[in-house]
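Subject: Structure handover

Hello,

Please open it first, then read the notes below.

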Amino acid sequence: MFILSKLFWLFAQPLSLAFLMILAAVIALLSGLRRFGLALCALAGLILFVMLYTSTGSFLLQGLEARFPKPGAEPKTLSCVIVLGGAFETEVTTTRGGIEMNQAADRFIEALRLAHRFPQSVIIVSGGDGSLSGDYEGDAVASERFFTTFGVSSDRLIGETLSRTTSENADNSRTLLADLGLADCLLITSAFHMPRAVGLFRRVGIPVIPWSTDYRTSGKVQLGVDFTQPTLNAQQTATAIREWIGLAAYYLTGRIEALYPAP
């Protein structure tokens, strides 16, 4: 299933779809199927326009981010924090060492803040090597350097190194929490990813307190044309579509109980 999901997204992401449609259009035109070829070209152009020159991606992400708002007040006590991986550039850190982070770095910055705020808490990092090759260290390994560099003792850190997907994050965390006798943890992940993550943790019977972070939108995005930032628009659209595909796939396969989990 893991390999299948990786291969599916390789072809299903909007830029890949647009390229495949253009390729199919060229073949159709060369084969004399003029109308079909032109229709494919028009559809590919529409996909590219929506991705590059509208706020569709940010608008969709904004909705996902608003689903589980961060609680207004911090808990009085905190026994454990679960941080989902995906914030380290493990392809780089595996060969160069050190701490190299991507756009989701706020997951671990927030976890670090909470670790200092609640010095008695345990920090669980769920994240193995999510690459097809399996050649890289996962976030759970890289994060130990991060936390210890900034003063968090290694005896408070628990690395769950086997997970490659969010579903595996939930399954493996359940076993880990049962072994450690921990419950009622904060769950830290990107705000747009929280609905899927909460749905999966609920499905395996883990009560968590959603602690959204890594917001990608202002919360005030209006749907419309935007010619100012095509690269960002494309990235936002791809992220939103991937998340919705994940929600739909997990719902259809019975791994979450609602298509769009809510508080």
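What should the 15 residues of helix α8 span, and how far apart are its end C-alpha atoms? Note that this is a predicted model. Helix α8 covers residues 166-180. At 1.5 Å a residue it should span 21 Å, and its end C-alpha atoms are 21 Å apart, so the two values agree. Gly-181 follows α8, with a positive phi near 70°.

Next, the burial of α8. Its buried residues include Thr-166, Glu-168, Ser-173 and Leu-177. Together, the buried residues of α8 pack against β1 (80-84), β2 (122-126), β3 (157-160), β4 (185-190), α9 (194-203) and α10 (230-252).

Take Leu-177, which lies in α8. Its relative accessibility is 6%, so Leu-177 counts as buried; the cut-off is under 20%. Leaving out residues up to four places away in sequence, Leu-177 touches Ile-82, Ile-124, Leu-182, Cys-185 and Ile-206. Cys-80 is 97 residues away along the chain, yet its C-alpha atom is 9.6 Å from that of Leu-177.

Now the cores. The largest nonpolar core has 26 residues, and Ile-82, Leu-187 and Phe-201 have the most contacts inside it. At least two residues each come from α4 (56-67), β1, β2, α8, β4, α9 and α10. The most come from α9, with 5 residues. A second, separate core has 23 residues, among them Phe-88, Ala-111, Leu-186 and Trp-211.

One last item: Leu-187. Beyond its neighbours within four places in sequence, Leu-187 has contacts that include Ile-82, Leu-84, Met-194, Phe-201 and Trp-211.

Best regards

Definitions and conventions:
Residues are numbered from 1 along each chain as its sequence is written. This is a predicted model: local features need pLDDT of at least 70, side-chain atom pairs count only at pLDDT 80 or more; totals for chains, interfaces and linings use all residues. Side-chain values use heavy atoms; hydrogens and water are left out. Helices (H or I, at least four residues) and strands (E, at least two) are DSSP runs, numbered from the N terminus. The expected span of a helix is 1.5 Å times one less than its number of residues. Buried means under 20% relative accessible area, exposed over 50%, partly exposed in between (1.4 Å probe, protein chains only). Contact means heavy atoms within 4.5 Å. A nonpolar core is a set of buried Ala, Val, Leu, Ile, Met, Phe, Trp, Tyr and Cys residues joined through side-chain atoms within 4.5 Å.
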